[in-house]
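Good morning, everyone, and thank you for making the time. Please have the sequence and the model open while I talk, and follow along residue by residue.

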Amino acid sequence: QVQLVESGGGLVQAGGSLRLSCAASGRADSRFAMGWFRQAPGKEREFVAAISRSGASRNYADPVKGRFTISRDNAKNTVDLQMNSLKSEDTAVFYCAAADRVSSIWGYATTHSEYDYWGQGTQVTVSS
């Protein structure tokens, strides 16, 4: 079993930055491809960013490309999401997730169904 705990959310003005962190425990998260999703009020949970087990491969949703950066530290069992140039439409609960079925160390997952473990989420609110 894997436990994921997100931190770093909060209130920020448009144009500002936040850095989210996800700490994994229970099993070394280096065995998992990792990702971030978000869910805004009244909307479905959507993919934000993903990173492979090795950290060499990354993928981003179009709305966040060029503004968000996903990274991981396998020694510390953490995955971070650096968010810059935040917009009001980025307001959402952000979730960290771990995918146990991506076999390649260079592979990643971009859909909700590919992920096996989820954190409780952290609120990000961007004021305009």
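This is a predicted model: local features need pLDDT of at least 70, side-chain atom pairs count only at pLDDT 80 or more; totals for chains, interfaces and linings use all residues.

Let me begin with a question: is F47 buried or exposed? F47 is buried, with a relative accessible area of 15%, and here the cut-off matters, because a residue counts as buried when that value is under 20%.

A pair of aromatic rings is described by the distance of the centres and the angle of the planes. For F37 and F47 the centres are 5.7 Å apart and the planes stand at 75°, which is an edge-to-face arrangement. F37 lies in strand β4, residues 33–39, while F47 lies in strand β5, residues 46–51, so this pair ties together parts that are 10 residues apart in sequence.

F37 also has a second aromatic partner, W118, and there the ring centres are 5.0 Å apart with the planes at 65°, so that pair is edge-to-face as well. Because F37 sits in β4 and W118 sits in strand β10, residues 117–118, this pair ties together parts that are 81 residues apart in sequence. W118 itself counts as partly exposed, at 22% relative accessibility. If we step back, F37, F47, Y115 and W118 form one aromatic cluster.

An arginine also comes into this picture. The charged end of R45 sits over the ring of W118, 5.0 Å from its centre, and R45 lies over the face of Y95 as well, at 3.7 Å from the ring centre.

Let me stay with arginines for a moment and turn to R38, which lies in strand β4. Which side chains does the side chain of R38 meet in polar contacts? One is the side chain of E46, at 2.7 Å, and another is the side chain of D90, at 2.8 Å. R38 is buried, with a relative accessible area of 6%, and, leaving aside residues up to four places away in sequence, the residues it touches include R45, V48, P63, F68 and F94.

Next, the strands. Strand β1, residues 3–7, runs antiparallel to β3 and is joined to it by five bridges, with L4 having A24 as its bridge partner. β3 also pairs with strand β8, residues 78–83, in the antiparallel sense over six bridges, and there L18 stands opposite M83.

Finally, a word about the backbone. Most residues other than glycine have a negative phi. N77, in the loop between β7 and β8, has a positive phi near 60°, and it counts as buried at 19% relative accessibility. S85, in the loop between β8 and β9, likewise has a positive phi, in this case near 50°, but S85 is partly exposed, with a relative accessible area of 40%.

I will stop there and take your questions.

Definitions and conventions: Residues are numbered from 1 along each chain as its sequence is written. Side-chain values use heavy atoms; hydrogens and water are left out. Two strands pair if DSSP finds at least two bridges between them. Helices (H or I, at least four residues) and strands (E, at least two) are DSSP runs, numbered from the N terminus. Rings of Phe, Tyr and Trp (its six-membered ring) pair if their centres lie within 6.5 Å; planes under 30 degrees apart count as stacked, over 60 as edge-to-face and the rest as tilted. Buried means under 20% relative accessible area, exposed over 50%, partly exposed in between (1.4 Å probe, protein chains only). A charge sits over a ring if NZ of Lys or CZ of Arg is within 6 Å of the ring centre and within 35 degrees of the ring normal. A polar contact is a pair of N or O atoms within 3.5 Å; within protein, one must be able to donate a hydrogen and the other to accept it, and residues adjacent in sequence count only if both atoms are side-chain atoms. Contact means heavy atoms within 4.5 Å.
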